[in-house]
Amino acid sequence: MIASRPWLPTPVLSLLLLFVWLLLVRSTAFGQILLGGTLAIAIPLLTHRFWDARPHIRKPLSLLRFALRVLKDIVIANFEVAYLIANPWRKLRPHFIEYPLMVEDRFTITLLASTISLTPGTVSANLRMDGKSLLIHALDVSDEEALIQHIRQRYEQPLKEIYEC
């Protein structure tokens with residue numbers, strides 16, 4: 001990976017910003033490359049003070065496995081939700097669940113909450129002020145404890161392994 005420099009705090013983000021700029025203007029003229037490059041350097045320089053520290057990924061291969069697992073779960077959950085909606089005679093059992101967190105890092109909690117919300121049929125609704133639990137709404141819950149264990153094993157445990165150890 002490209003090393004970070006004081007004048008270029010996030011080189012990968014700068015390259016991405018330049019690429020997106022060139023896509024937006026649909027031109028590779030010198031003036032557009034110069035303007036995009038200036039923005040790609042200036043935006044991270046002006047905003048990097050407001051960002052949290054970047055987390056250290058302890059196991060990159062596990063992160064890739066986690067991302068693939070989440071993508072697979074999103075596809076499967078889409079079909080499950082479509083089935084629930086397409087069968088009006090089936091009684092839904094919506095439920096709010098207080099999910100006790102094992103992770104403590106803010107970034108890891110944010111990733112877990114986002115993962116839960118990305119999976120159709122569940123939404124993370126609130127993080128308690130003490131950061132010890134998430135309020136989750138699920139579309140169809142037959143066993144609250146089984147859902148908690150499912151989230152813990154499929155999402156929270158791998159995130160803890162990847163970022164916190």
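Student: Why are H1 and H2 called oblique to each other?

Tutor: This is a predicted model, in which local features need pLDDT of at least 70 and side-chain atom pairs count only at pLDDT 80 or more, while totals for chains, interfaces and linings use all residues. Residues are numbered from 1 along each chain as its sequence is written, and side-chain values use heavy atoms, without hydrogens and water. The axes of H1 (residues 11-25) and H2 (residues 30-47) cross at roughly 140° and come within 8 Å. Angles under 35 degrees count as roughly parallel, over 145 as roughly antiparallel, 65 to 115 as roughly perpendicular and the rest as oblique. H1 and H2 are therefore oblique.

Student: What makes H4 roughly antiparallel to H5?

Tutor: H4 (residues 106-118) and H5 (residues 144-164) pack at about 150°, their axes being 10 Å apart. H4 is therefore roughly antiparallel to H5.

Student: Which residues make the contact of H4 with H5?

Tutor: Contact means heavy atoms within 4.5 Å. Among the residues of this contact are Phe107, Leu111 and Thr115 of H4, and Ile151, Tyr155 and Glu156 of H5.

Student: How many residues of that contact are nonpolar, polar and charged?

Tutor: Ala, Val, Leu, Ile, Met, Phe, Trp, Tyr, Cys and Pro count as nonpolar, Asp, Glu, Lys and Arg as charged, and the others, Gly among them, as polar. The contact of H4 with H5 has eight nonpolar, two polar and two charged residues.

Notes. Axes fitted to C-alpha atoms, helices over the stretch in contact; angles between N-to-C directions. Helix = DSSP H or I, 4+ residues; strand = E, 2+ residues; numbered from the N terminus.
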